[in-house]
Amino acid sequence: MFRPAKALRLMAAAALLAALTPSLLIVPAAHAATINVTTSADELAVNGACSLREAIQAVNLDTVVDTCDPSGDADTIVLPADTYLLSISGSDENGAASGDLDITSALTITGALSSTTLIDGGQLDRVFDIFGGANVTLVGLTIQHGDSGLNGQGGAVRNAGNLTLQSSAVISSTAAEFSGGGIASNGALSLINSTIAGNSAHTGGGVENAGALKIDQSLIRQNASESSGGGIASLSGTLAISDSSIISNTSELGGGIRNSGKLTLADSLIAGNSGEIGGGLANDSAELAVLTNSTISNNIGSGIDNFGALNLAGSTIITNTGSGVFNDVQGAITITQSTIAHNADSGIYNRGGLTLTNSTISGNTTQIDGGGVANTGTLEVINSTFSGNSA
Ligand SMILES: [Ca+2]
Ligand SMILES: [Ca+2]
Ligand SMILES: [Ca+2]
């Protein structure tokens, strides 16, 4: 029997399929090769085994190196779970022949897991050197024990190209005389579901950015720098952080983050960092920094030290050992729908321009004047609550 409802459904399904089919039939124009690394040894010998260094040379040169065959443009190197210890020394070399692994071409390196696939620099040099124009994705691996020595920025990674780090980690690396203990980037860098931990540098213990840096669902933990940006030093360019944690980093200026570029931070945590100026965040950018739905807590020093322009909305600044927010004479801050509570050296110390709207300032203390807000600048308070502060 003819059933119009079912027929209509079938016709609709057929139409949908017809609409989808052309896109389903599209296949990549270029053949993308997969290169399987078959030895954990760091070698360039023609011995029937494809090493990581040989695989990268093969992609860079688009030619077969030993048994590594890179047919096509966009190549994927597959690294089985193992420790790949770099042992061919010789820094300041850019053909992946010695020291760091130089990448000059489009490339994806896929490990098994960040806990089982380790690329270890052996403190010989940094680990990866990514050149301008190279589009590189690193997935499921850990990069460790890089040391750029006297050979410039980037303890583990120097990026001038377009680098995405996904479900990966950069740990225990150093650029003692330079910036970017974990990664130094003046290109485009995305950290997704990744960890940057235990790195150190003169500036930017975890990451130094002078390009476009995006951090999502990631952890920046226990990095240290001498001068600024224990976790991250964003010296210029853009820094966009979402759903991430910046924890237990240390520096002189900006224990967690030092920002001199354009910063947005959303749905994130800056906690337990330590800094003389800006325990959690030091912002000295004239470009508006926008912080939303975030928590800045338990930092040693102030939660935020601001010398620039900053908007804080829907956020909590709590139990920092210095001021919750310190706003210097040249600083301009707008705080909306936020809570500043239980900070030890005034909730807010304002010397510049501050507008406080629909916010709560409670339980803050100081040994001097102004437990809730100590103000020597320009202050406007709209519809806000002050309670339980002491001085
Ligand atoms: Ca070989
Ligand atoms: Ca190099
Ligand atoms: Ca090299």
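Author: Five strands make up an open sheet, in the order 13-17-21-25-29, with parallel pairing. At its edges are strand 13 (174–179) and strand 29 (274–277), each of which pairs on one side only. Direction ignored, neighbouring strands of this sheet are turned by 5° against each other on average. This is a predicted model.

Strand 21 (residues 224–228) pairs with strand 25 (residues 250–253) in the parallel sense, over two bridges. Opposite Ser-228 stands Leu-253, which belongs to strand 25.

Strand 15 (residues 188–192) can be looked at in the same way. Strand 11 (residues 162–166) runs parallel to strand 15 and is joined to it by five bridges. Gln-166 has Ile-192 of strand 15 as its bridge partner. Five bridges also join strand 15 to strand 19 (residues 212–216), and these two run parallel as well. There, Ala-188 has Ala-212 of strand 19 as its bridge partner.

The two faces of strand 15 come next. In a regular strand, side chains alternate between the two faces of the sheet. In strand 15, Leu-189 and Leu-191 form the covered face, while Ala-188, Ser-190 and Ile-192 form the uncovered one. Both of the bridge partners named above on strand 15, Ile-192 and Ala-188, are on the uncovered face.

These strands belong to a protein with two helices and 44 strands. Taken along the principal axes, its C-alpha atoms fill a box of roughly 80 × 75 × 30 Å. The protein has 391 residues, of which 55% count as buried. Among contacts with a separation of 6 or more, 63% are between residues 24 or more positions apart.

Now to one of the helices. Helix 2 (residues 52–61) is mostly covered, with nine of its ten residues buried. The buried ones are Leu-52, Arg-53, Glu-54, Ala-55, Ile-56, Gln-57, Ala-58, Val-59 and Asn-60. Their cover includes strand 1 (34–36), strand 2 (75–78), strand 3 (82–85), strand 4 (101–103) and strand 5 (107–110). Just after helix 2 comes Asp-62, with a positive phi of about 50°.

Leu-79 is found in the loop between strand 2 and strand 3. Leu-79 counts as buried because 24 other C-beta atoms lie within 10 Å, where the cut-off is 20 or more. Not counting residues up to four places away in sequence, Leu-79 touches Val-37, Leu-52, Tyr-84, Ile-109, Thr-110, Gly-111, Thr-117 and Leu-141. One of these, Leu-52, is also among the buried residues of helix 2. Asn-199 is 120 residues from Leu-79 in sequence, and the two are 24 Å apart in space, C-alpha to C-alpha.

Terms used
Residues numbered from 1 in each chain as written. Chains lettered and ligands numbered in written order. Predicted model: local features only at pLDDT ≥ 70, side-chain atom pairs only at ≥ 80, totals over all residues. Buried ≥ 20, exposed ≤ 12 C-beta atoms within 10 Å, placed from the backbone. Helix = DSSP H or I, 4+ residues; strand = E, 2+ residues; numbered from the N terminus. Contact = placed C-beta atoms within 7 Å. Pairing = 2+ DSSP bridges. Axes fitted to C-alpha atoms, helices over the stretch in contact; angles between N-to-C directions.
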